[in-house]
Amino acid sequence: MEGGFGSEFGPAGGGAGGKLDPGLIMEQVKVQIAVANAQELLQRMTDKCFRKCIGKPGSSLDNSEQKCIAMCMDRYMDAWNTVSRAYNSRLQRERANM
């Protein structure tokens, strides 16, 4: 019976002599973190832009609401990308100084 890591990370025991492949597990964890980060980004962007742009929710968006949402999402993504680049650059500098 498979459970825990076995169901998500391949057969229990990892196949090769019962050993788990740490590189494979690390890669899968990185993918899961990236997906979680993307979901969080989308949720935060949706919340902030909805609050900013939608005064009275209805069955459809008028032109001004559509434009506001598009502009808000563009600005949010630009800011996210700027912060991400700065953060990654700082991480690289700190790793180089170690």
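Please keep in mind throughout that the structure before you is a predicted model.

With that definition, the largest nonpolar core has 8 residues in all: Leu-41, Met-45, Cys-49, Cys-53, Ile-54, Ile-69, Cys-72 and Tyr-76. Helices H2 and H3 each supply at least two residues of this core. The largest share, 4 residues, comes from H2. As general background, nonpolar side chains tend to be buried together in soluble globular proteins.

Let me turn to helix H2 itself. H2 runs over residues 22–53. Its 32 residues reach 46 Å from the first C-alpha to the last, close to the 46 Å expected at 1.5 Å a residue. At the start of H2, a side-chain oxygen of Asp-21 comes to within 3.1 Å of the backbone nitrogen of Gly-23. Which residues of H2 are buried? They are Leu-41, Met-45, Cys-49 and Cys-53. H3 is included in what covers these buried residues of H2.

I come now to the disulfides. A disulfide is a covalent bond between the sulfur atoms of two cysteines. The count in this model comes to 2 disulfides.

One of them joins Cys-49 to Cys-72, with an S to S distance of 2.0 Å. Cys-49 lies in H2 and Cys-72 in helix H3, residues 63–96, so the pair ties together parts that are 23 residues apart in sequence. The torsion about the S-S bond of Cys-49 and Cys-72 is about -85°, and the disulfide is therefore left-handed. Both Cys-49 and Cys-72 are buried. Once neighbours within four places in sequence are set aside, Cys-49 is in contact with Ile-54, Ile-69, Cys-72 and Met-73.

Cys-53 and Cys-68 also form a disulfide, and their sulfur atoms are 2.0 Å apart. Here Cys-53 belongs to H2 and Cys-68 to H3, so this pair ties together parts that are 15 residues apart in sequence. What is the handedness of the link of Cys-53 and Cys-68? With -70° about the S-S bond, the link is left-handed.

Cys-68, at 21%, counts as partly exposed. Counting bonded cysteines along the chain, the disulfides follow the pattern 1-4, 2-3.

Finally, the charged pairs. The structure holds 2 salt bridges.

Glu-40 forms a salt bridge with Arg-44, where the closest N and O atoms are 2.7 Å apart. Both residues lie in H2, 4 residues apart, about one turn of the helix. Glu-40 is partly exposed, with a relative accessible area of 36%. Arg-44 is likewise partly exposed, at 44%.

In H3, the side chains of Glu-94 and Arg-90 meet in a salt bridge at 3.0 Å, N to O. Glu-94 and Arg-90 are 4 residues apart in H3, so about one helical turn separates them. The relative accessible area of Glu-94 is 40%, and this residue is partly exposed.

The link of Cys-49 and Cys-72 runs between H2 and H3, as does that of Cys-53 and Cys-68, and H2 and H3 each supply at least two residues of the largest nonpolar core.

Note on methods
Residues numbered from 1 in each chain as written. Predicted model: local features only at pLDDT ≥ 70, side-chain atom pairs only at ≥ 80, totals over all residues. Heavy atoms only, no water. Disulfide = S-S within 2.5 Å. Buried < 20%, exposed > 50% of the residue type's maximum accessible area, 1.4 Å probe, protein only. Salt bridge = Lys/Arg side-chain N within 4 Å of Asp/Glu carboxyl O. Core = buried A, V, L, I, M, F, W, Y, C linked by side-chain atoms within 4.5 Å. Contact = heavy atoms within 4.5 Å. Expected span 1.5 Å × (residues − 1). Polar contact = N/O pair within 3.5 Å; in protein donor to acceptor, adjacent residues only side chain to side chain.
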